[in-house]
Amino acid sequence: MADLTLTRIRKTFDATVAVDSISLDAPQGCFLALLGPSGCGKTTILRLIAGFETATAGRIVHGDTIWSDADAAIHLPAERRRVGVVFQSYALWPHLTVAGNVGYPLRVAKMNRPDRDAAVKQALETVGLTGFGERQPAELSGGQRQRVALARCLVMEPEIVVLDEPLANLDAHLRVAMMDVFGAFHRETGATMIYVTHDQAEAMALADRIAVMFDGRFAQIDSPERIYSRPADETVARFIGEGAVLEVPVLRRNGNAAVADLFGQEIPLPVSGTGAGDVATVCVRPDRCRIAPDGAIEARVLRTTYRGSHWLVDLAPVAAAGAVLHLACGDRPPGAGDTVRVAVESVTPVGAA
(Lines give C-alpha, C1' and ligand atoms only; values in the text may rest on other atoms or scores of the structure.)
Protein backbone atom coordinates (compact mmCIF):
# COMPACT_ATOMS: atom_id res chain seq x y z
CA MET A 1 0.00 0.00 0.00
CA ALA A 2 1.08 3.60 -0.53
CA ASP A 3 0.09 7.23 -0.09
CA LEU A 4 -2.16 8.94 -2.62
CA THR A 5 -1.34 12.49 -3.74
CA LEU A 6 -3.36 14.84 -5.91
CA THR A 7 -1.50 17.95 -7.10
CA ARG A 8 -3.29 20.95 -8.60
CA ILE A 9 -6.01 18.82 -10.16
CA ARG A 10 -8.40 20.65 -12.44
CA LYS A 11 -11.37 19.17 -14.30
CA THR A 12 -13.60 21.03 -16.71
CA PHE A 13 -16.61 19.92 -18.71
CA ASP A 14 -16.75 22.32 -21.66
CA ALA A 15 -16.97 25.76 -19.99
CA THR A 16 -17.92 24.37 -16.57
CA VAL A 17 -15.18 24.06 -13.95
CA ALA A 18 -16.03 21.05 -11.77
CA VAL A 19 -12.73 20.84 -9.87
CA ASP A 20 -10.57 23.94 -9.59
CA SER A 21 -6.84 23.27 -8.97
CA ILE A 22 -7.16 21.21 -5.78
CA SER A 23 -4.33 19.41 -3.99
CA LEU A 24 -4.76 16.57 -1.51
CA ASP A 25 -2.63 14.07 0.41
CA ALA A 26 -4.28 10.82 1.54
CA PRO A 27 -1.78 8.85 3.68
CA GLN A 28 -1.85 5.08 3.42
CA GLY A 29 -4.65 3.61 5.52
CA CYS A 30 -6.46 6.88 6.23
CA PHE A 31 -10.23 7.35 6.17
CA LEU A 32 -10.82 10.61 4.31
CA ALA A 33 -14.25 12.18 3.82
CA LEU A 34 -14.96 14.61 0.99
CA LEU A 35 -17.73 16.73 2.51
CA GLY A 36 -19.75 19.44 0.81
CA PRO A 37 -23.10 20.37 -0.74
CA SER A 38 -24.43 18.75 -3.91
CA GLY A 39 -22.69 19.93 -7.06
CA CYS A 40 -19.46 21.08 -5.39
CA GLY A 41 -17.21 18.55 -7.21
CA LYS A 42 -16.89 15.71 -4.68
CA THR A 43 -17.97 12.90 -7.00
CA THR A 44 -15.81 14.26 -9.81
CA ILE A 45 -12.75 13.93 -7.56
CA LEU A 46 -13.76 10.37 -6.73
CA ARG A 47 -14.11 9.53 -10.43
CA LEU A 48 -10.72 11.08 -11.18
CA ILE A 49 -9.11 8.93 -8.47
CA ALA A 50 -10.85 5.77 -9.71
CA GLY A 51 -9.80 6.49 -13.29
CA PHE A 52 -13.31 7.00 -14.70
CA GLU A 53 -12.48 10.60 -15.67
CA THR A 54 -9.32 12.20 -17.09
CA ALA A 55 -8.00 15.35 -15.40
CA THR A 56 -7.78 18.52 -17.46
CA ALA A 57 -4.68 19.57 -15.50
CA GLY A 58 -2.57 18.28 -12.61
CA ARG A 59 -1.16 14.96 -11.37
CA ILE A 60 -2.40 11.97 -9.39
CA VAL A 61 0.32 9.77 -7.90
CA HIS A 62 -0.09 6.58 -5.87
CA GLY A 63 3.19 5.69 -4.15
CA ASP A 64 5.76 5.64 -6.95
CA THR A 65 3.20 5.19 -9.72
CA ILE A 66 1.82 8.09 -11.75
CA TRP A 67 -1.86 7.46 -12.30
CA SER A 68 -2.57 10.69 -14.12
CA ASP A 69 -0.46 13.55 -15.48
CA ALA A 70 -2.24 15.94 -17.80
CA ASP A 71 0.96 17.62 -19.01
CA ALA A 72 2.56 14.29 -19.91
CA ALA A 73 -0.71 12.86 -21.30
CA ILE A 74 -0.55 9.94 -18.84
CA HIS A 75 -3.76 8.24 -17.76
CA LEU A 76 -3.59 4.82 -16.11
CA PRO A 77 -6.83 2.93 -16.89
CA ALA A 78 -9.24 2.25 -14.06
CA GLU A 79 -8.71 -1.53 -14.22
CA ARG A 80 -4.99 -1.09 -13.42
CA ARG A 81 -5.43 1.12 -10.34
CA ARG A 82 -6.67 -1.43 -7.76
CA VAL A 83 -9.35 0.98 -6.61
CA GLY A 84 -12.55 -0.52 -5.24
CA VAL A 85 -15.72 1.48 -5.85
CA VAL A 86 -18.91 1.40 -3.79
CA PHE A 87 -21.71 3.24 -5.60
CA GLN A 88 -24.77 4.94 -4.15
CA SER A 89 -26.98 2.84 -6.44
CA TYR A 90 -25.27 -0.47 -5.45
CA ALA A 91 -24.77 -1.34 -9.18
CA LEU A 92 -25.61 -5.03 -8.71
CA TRP A 93 -26.35 -7.34 -11.62
CA PRO A 94 -30.04 -8.32 -11.19
CA HIS A 95 -29.61 -11.65 -13.02
CA LEU A 96 -26.72 -12.82 -10.83
CA THR A 97 -26.93 -14.27 -7.34
CA VAL A 98 -25.27 -12.52 -4.41
CA ALA A 99 -22.26 -14.83 -4.79
CA GLY A 100 -22.22 -14.16 -8.54
CA ASN A 101 -22.17 -10.41 -7.99
CA VAL A 102 -19.44 -10.57 -5.36
CA GLY A 103 -17.30 -12.93 -7.42
CA TYR A 104 -17.77 -11.12 -10.73
CA PRO A 105 -14.50 -9.12 -10.64
CA LEU A 106 -12.59 -12.29 -9.79
CA ARG A 107 -14.22 -14.11 -12.70
CA VAL A 108 -13.19 -11.26 -15.02
CA ALA A 109 -9.65 -11.61 -13.62
CA LYS A 110 -9.85 -15.35 -14.50
CA MET A 111 -9.29 -16.59 -10.94
CA ASN A 112 -9.88 -20.34 -10.67
CA ARG A 113 -13.24 -21.48 -9.29
CA PRO A 114 -12.12 -22.93 -5.91
CA ASP A 115 -10.11 -19.82 -4.99
CA ARG A 116 -12.93 -17.58 -6.19
CA ASP A 117 -15.51 -19.42 -4.10
CA ALA A 118 -13.30 -19.20 -1.02
CA ALA A 119 -12.73 -15.46 -1.51
CA VAL A 120 -16.46 -14.82 -1.99
CA LYS A 121 -17.31 -16.82 1.15
CA GLN A 122 -14.79 -14.84 3.19
CA ALA A 123 -16.01 -11.49 1.84
CA LEU A 124 -19.64 -12.29 2.64
CA GLU A 125 -18.65 -13.37 6.14
CA THR A 126 -16.77 -10.09 6.65
CA VAL A 127 -19.85 -7.99 5.83
CA GLY A 128 -22.23 -10.19 7.83
CA LEU A 129 -23.94 -11.99 4.91
CA THR A 130 -22.94 -15.59 5.55
CA GLY A 131 -25.51 -17.87 3.92
CA PHE A 132 -26.81 -15.23 1.51
CA GLY A 133 -24.75 -16.36 -1.50
CA GLU A 134 -27.60 -18.01 -3.44
CA ARG A 135 -30.11 -15.20 -3.01
CA GLN A 136 -31.02 -12.73 -5.75
CA PRO A 137 -30.47 -8.97 -5.25
CA ALA A 138 -34.25 -8.42 -5.48
CA GLU A 139 -34.68 -10.54 -2.34
CA LEU A 140 -32.46 -8.26 -0.24
CA SER A 141 -33.09 -5.09 1.73
CA GLY A 142 -31.30 -1.85 0.85
CA GLY A 143 -28.77 -2.36 3.64
CA GLN A 144 -28.07 -5.94 2.52
CA ARG A 145 -27.54 -4.81 -1.08
CA GLN A 146 -25.06 -2.20 0.10
CA ARG A 147 -23.21 -4.95 1.99
CA VAL A 148 -23.08 -7.03 -1.20
CA ALA A 149 -21.56 -4.05 -3.01
CA LEU A 150 -19.00 -3.72 -0.22
CA ALA A 151 -18.20 -7.44 -0.34
CA ARG A 152 -17.70 -7.22 -4.13
CA CYS A 153 -15.22 -4.43 -3.45
CA LEU A 154 -13.50 -6.45 -0.70
CA VAL A 155 -12.74 -9.52 -2.85
CA MET A 156 -10.57 -7.37 -5.11
CA GLU A 157 -8.23 -6.67 -2.16
CA PRO A 158 -8.07 -3.00 -3.21
CA GLU A 159 -5.46 -0.61 -1.87
CA ILE A 160 -7.94 2.27 -2.09
CA VAL A 161 -11.72 2.17 -1.65
CA VAL A 162 -13.86 5.08 -2.84
CA LEU A 163 -17.46 5.35 -1.68
CA ASP A 164 -19.90 7.69 -3.43
CA GLU A 165 -22.74 8.72 -1.08
CA PRO A 166 -23.17 5.03 -0.12
CA LEU A 167 -25.85 5.64 2.54
CA ALA A 168 -28.02 8.14 0.67
CA ASN A 169 -30.69 5.55 -0.25
CA LEU A 170 -30.99 4.03 3.24
CA ASP A 171 -33.25 4.98 6.12
CA ALA A 172 -31.84 6.44 9.34
CA HIS A 173 -31.62 3.10 11.19
CA LEU A 174 -29.79 1.37 8.34
CA ARG A 175 -27.41 4.31 7.91
CA VAL A 176 -26.21 3.89 11.49
CA ALA A 177 -25.78 0.13 11.03
CA MET A 178 -23.88 0.56 7.76
CA MET A 179 -21.56 3.17 9.29
CA ASP A 180 -20.52 0.44 11.74
CA VAL A 181 -19.92 -1.92 8.80
CA PHE A 182 -17.77 0.64 6.96
CA GLY A 183 -15.75 1.31 10.11
CA ALA A 184 -15.15 -2.42 10.65
CA PHE A 185 -14.24 -2.83 6.97
CA HIS A 186 -11.64 -0.09 7.29
CA ARG A 187 -10.11 -1.59 10.43
CA GLU A 188 -9.94 -5.10 8.99
CA THR A 189 -8.55 -4.25 5.56
CA GLY A 190 -6.28 -1.31 6.35
CA ALA A 191 -7.23 0.12 2.94
CA THR A 192 -7.25 3.85 2.27
CA MET A 193 -10.91 4.90 2.16
CA ILE A 194 -12.23 8.02 0.45
CA TYR A 195 -15.85 8.68 1.33
CA VAL A 196 -18.00 11.21 -0.53
CA THR A 197 -20.92 12.67 1.41
CA HIS A 198 -22.98 15.81 1.96
CA ASP A 199 -23.89 14.61 5.48
CA GLN A 200 -21.59 16.09 8.11
CA ALA A 201 -22.73 13.57 10.74
CA GLU A 202 -21.48 10.71 8.56
CA ALA A 203 -18.19 12.45 7.89
CA MET A 204 -17.61 13.27 11.56
CA ALA A 205 -18.45 9.73 12.71
CA LEU A 206 -16.32 7.85 10.18
CA ALA A 207 -13.38 9.90 8.96
CA ASP A 208 -10.05 10.70 10.56
CA ARG A 209 -9.64 13.57 8.08
CA ILE A 210 -12.27 15.68 6.34
CA ALA A 211 -11.88 17.81 3.21
CA VAL A 212 -14.68 20.41 3.19
CA MET A 213 -15.45 21.47 -0.37
CA PHE A 214 -17.37 24.29 -2.04
CA ASP A 215 -17.54 25.29 -5.72
CA GLY A 216 -14.79 22.94 -6.87
CA ARG A 217 -12.25 23.93 -4.19
CA PHE A 218 -11.25 22.72 -0.75
CA ALA A 219 -12.07 25.22 1.99
CA GLN A 220 -10.39 23.22 4.77
CA ILE A 221 -8.69 19.82 5.14
CA ASP A 222 -8.32 18.80 8.76
CA SER A 223 -9.34 16.41 11.53
CA PRO A 224 -13.05 16.32 12.43
CA GLU A 225 -12.23 17.94 15.77
CA ARG A 226 -10.45 20.90 14.20
CA ILE A 227 -13.04 21.30 11.45
CA TYR A 228 -15.59 21.77 14.22
CA SER A 229 -13.54 23.75 16.72
CA ARG A 230 -11.33 25.79 14.36
CA PRO A 231 -13.21 26.42 11.08
CA ALA A 232 -10.95 28.03 8.51
CA ASP A 233 -13.50 30.58 7.33
CA GLU A 234 -17.11 31.69 7.66
CA THR A 235 -18.34 29.29 4.97
CA VAL A 236 -17.02 26.26 6.83
CA ALA A 237 -18.29 27.60 10.17
CA ARG A 238 -21.82 28.02 8.79
CA PHE A 239 -21.82 24.63 7.04
CA ILE A 240 -20.65 22.63 10.06
CA GLY A 241 -22.82 22.34 13.16
CA GLU A 242 -25.56 24.90 12.44
CA GLY A 243 -23.55 27.66 14.09
CA ALA A 244 -24.27 31.40 14.02
CA VAL A 245 -21.31 33.38 12.64
CA LEU A 246 -20.99 36.80 14.25
CA GLU A 247 -18.60 39.74 14.49
CA VAL A 248 -17.97 40.80 18.07
CA PRO A 249 -16.00 43.79 19.45
CA VAL A 250 -12.93 42.99 21.54
CA LEU A 251 -12.96 44.73 24.92
CA ARG A 252 -9.51 43.92 26.29
CA ARG A 253 -6.75 41.35 26.64
CA ASN A 254 -6.80 38.91 29.55
CA GLY A 255 -3.56 36.93 29.65
CA ASN A 256 -3.30 34.78 26.52
CA ALA A 257 -6.93 35.38 25.58
CA ALA A 258 -9.01 38.32 24.49
CA VAL A 259 -12.36 39.26 26.01
CA ALA A 260 -15.19 40.24 23.65
CA ASP A 261 -18.69 41.62 24.05
CA LEU A 262 -21.34 39.17 22.86
CA PHE A 263 -24.67 41.02 23.05
CA GLY A 264 -23.92 42.17 26.61
CA GLN A 265 -22.09 39.05 27.80
CA GLU A 266 -18.32 39.14 28.18
CA ILE A 267 -16.87 36.06 26.49
CA PRO A 268 -13.21 34.88 26.28
CA LEU A 269 -11.64 34.41 22.86
CA PRO A 270 -8.66 32.01 22.60
CA VAL A 271 -7.17 34.10 19.80
CA SER A 272 -3.66 35.55 19.80
CA GLY A 273 -2.85 38.96 18.36
CA THR A 274 -6.27 40.46 19.13
CA GLY A 275 -6.59 43.56 21.30
CA ALA A 276 -9.04 46.18 22.50
CA GLY A 277 -10.88 47.89 19.67
CA ASP A 278 -10.49 44.98 17.25
CA VAL A 279 -13.42 43.02 15.82
CA ALA A 280 -13.28 39.22 15.95
CA THR A 281 -15.32 36.73 13.92
CA VAL A 282 -16.73 33.89 16.00
CA CYS A 283 -19.14 31.00 15.62
CA VAL A 284 -21.69 30.32 18.36
CA ARG A 285 -22.76 26.67 18.36
CA PRO A 286 -26.27 25.64 19.48
CA ASP A 287 -24.87 23.23 22.09
CA ARG A 288 -22.88 26.07 23.69
CA CYS A 289 -26.00 28.14 24.45
CA ARG A 290 -28.56 27.62 27.21
CA ILE A 291 -31.61 29.38 28.56
CA ALA A 292 -30.72 30.64 32.06
CA PRO A 293 -32.53 33.07 34.40
CA ASP A 294 -29.20 34.81 35.12
CA GLY A 295 -28.07 34.88 31.47
CA ALA A 296 -26.61 38.19 30.30
CA ILE A 297 -28.20 38.08 26.84
CA GLU A 298 -31.85 39.05 26.47
CA ALA A 299 -33.44 37.50 23.39
CA ARG A 300 -36.80 36.90 21.76
CA VAL A 301 -37.79 33.41 20.56
CA LEU A 302 -38.34 33.43 16.80
CA ARG A 303 -39.22 29.77 16.25
CA THR A 304 -38.72 26.29 17.70
CA THR A 305 -38.08 23.08 15.75
CA TYR A 306 -38.34 19.62 17.29
CA ARG A 307 -35.36 17.43 16.30
CA GLY A 308 -36.22 14.28 18.25
CA SER A 309 -33.30 14.34 20.69
CA HIS A 310 -33.67 18.09 21.30
CA TRP A 311 -35.40 21.30 20.30
CA LEU A 312 -33.58 23.78 18.07
CA VAL A 313 -34.52 27.31 19.11
CA ASP A 314 -33.87 30.39 16.95
CA LEU A 315 -33.41 33.56 19.02
CA ALA A 316 -33.14 37.25 18.16
CA PRO A 317 -30.90 39.10 20.67
CA VAL A 318 -32.57 42.33 21.76
CA ALA A 319 -29.22 44.17 21.66
CA ALA A 320 -28.56 43.42 17.96
CA ALA A 321 -31.23 43.86 15.32
CA GLY A 322 -30.99 41.23 12.59
CA ALA A 323 -28.70 38.84 14.50
CA VAL A 324 -29.87 35.28 15.21
CA LEU A 325 -28.61 32.73 17.73
CA HIS A 326 -29.41 29.01 17.62
CA LEU A 327 -29.86 27.07 20.84
CA ALA A 328 -30.21 23.33 21.52
CA CYS A 329 -32.70 22.68 24.31
CA GLY A 330 -33.44 19.30 25.88
CA ASP A 331 -36.75 20.35 27.40
CA ARG A 332 -39.69 21.96 25.64
CA PRO A 333 -38.64 25.60 25.17
CA PRO A 334 -40.69 28.80 25.47
CA GLY A 335 -42.87 29.59 22.48
CA ALA A 336 -42.35 31.99 19.59
CA GLY A 337 -42.53 35.62 20.74
CA ASP A 338 -41.48 34.90 24.33
CA THR A 339 -38.52 36.75 25.81
CA VAL A 340 -35.80 34.71 27.54
CA ARG A 341 -32.34 35.21 28.98
CA VAL A 342 -29.48 33.27 27.42
CA ALA A 343 -25.97 32.33 28.56
CA VAL A 344 -23.28 31.33 26.06
CA GLU A 345 -20.69 28.92 27.45
CA SER A 346 -18.04 29.45 24.78
CA VAL A 347 -17.53 30.56 21.20
CA THR A 348 -15.49 29.11 18.34
CA PRO A 349 -12.94 31.40 16.65
CA VAL A 350 -13.35 31.53 12.87
CA GLY A 351 -10.19 31.59 10.80
CA ALA A 352 -7.94 31.13 13.84
CA ALA A 353 -4.77 29.08 13.53
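Start with Arg-288 and Asp-287, whose side chains meet in a salt bridge at 4.0 Å, N to O. By salt bridge I mean a side-chain nitrogen of Lys or Arg within 4 Å of a carboxyl oxygen of Asp or Glu. Arg-288 is partly exposed, with a relative accessible area of 32%, and Asp-287 is partly exposed at 42%. On that scale, buried means under 20% relative accessible area, exposed means over 50%, and partly exposed is in between, with a 1.4 Å probe and protein chains only.

Before going on, two notes on the source. This is a predicted model, in which local features need pLDDT of at least 70 and side-chain atom pairs count only at pLDDT 80 or more, while totals for chains, interfaces and linings use all residues. Residues are numbered from 1 along each chain as its sequence is written, and side-chain values use heavy atoms, with hydrogens and water left out.

Back to the charges. The count of salt bridges comes to 15. One of them joins Glu-53 and Lys-11, at 3.9 Å from N to O. Glu-53 sits in the loop between helix 1 (42-50) and strand 4 (57-62), and Lys-11 in strand 1 (residues 4-13), so this pair ties together parts that are 42 residues apart in sequence. Helices here (H or I, at least four residues) and strands (E, at least two) are DSSP runs, numbered from the N terminus. Are these two residues, Glu-53 and Lys-11, buried or exposed? Both Glu-53 and Lys-11 are buried.

Another salt bridge is between Glu-242 and Arg-307, at 2.9 Å from N to O. Glu-242 is in the loop between helix 8 (234-239) and strand 12 (244-254), and Arg-307 is in the loop between strand 17 (297-306) and strand 18 (311-317), so the parts tied together are 65 residues apart in sequence. Glu-242 is partly exposed at 36% relative accessible area, and Arg-307 is partly exposed at 38%.

Five strands form an open, antiparallel sheet in the order 2-1-4-5-6. Pairing requires that DSSP finds at least two bridges between two strands. The edges are strand 2 (16-26) and strand 6 (74-75), each pairing on one side only. Strand 5 (residues 65-69) is joined to strand 6 by two bridges, and Ser-68 stands opposite His-75 in strand 6. Helix 1 packs on this sheet, touching strand 1, strand 2, strand 4 and strand 5, and its direction makes about 115 degrees with that of strand 1. For such angles, axes are lines fitted to C-alpha atoms, for helices over the stretch in contact, and angles run from 0 to 180 degrees between N-to-C directions.

Thr-44 is a residue of helix 1, and it is buried at 14% relative accessibility. What does Thr-44 contact, leaving aside its neighbours within four places in sequence? Thr-44 is in contact with Lys-11, Phe-13, Ala-18 and Val-19, where contact means heavy atoms within 4.5 Å.

Now the interior. In soluble globular proteins, nonpolar side chains tend to be buried together. The largest nonpolar core here has 44 residues, and those with the most contacts inside it are Val-102, Val-161, Phe-182 and Ile-210. Such a core is a set of buried Ala, Val, Leu, Ile, Met, Phe, Trp, Tyr and Cys residues joined through side-chain atoms within 4.5 Å. Helix 4 (residues 142-154) gives the largest share of this core, six residues. Apart from it lies another core, of 30 residues, among them Leu-6, Trp-67, Leu-76 and Ile-194.

Two of those residues lead to their surroundings. Phe-182 is among the buried residues of helix 5, together with Met-178, Met-179, Val-181, Gly-183, Phe-185 and His-186. The cover over them includes strand 3 (31-35), helix 4, strand 8 (160-164), strand 9 (192-197) and helix 6 (200-206). Gly-190 follows helix 5 and has a positive phi, near 70 degrees.

Ile-210, in turn, stands opposite Asp-222 in strand 11. Five bridges join strand 10 (residues 209-214) to strand 11 (residues 217-222), and the two run antiparallel. They form a hairpin with two residues between them, and Asp-215 in the turn has a positive phi of about 50 degrees.

That is where I will stop.
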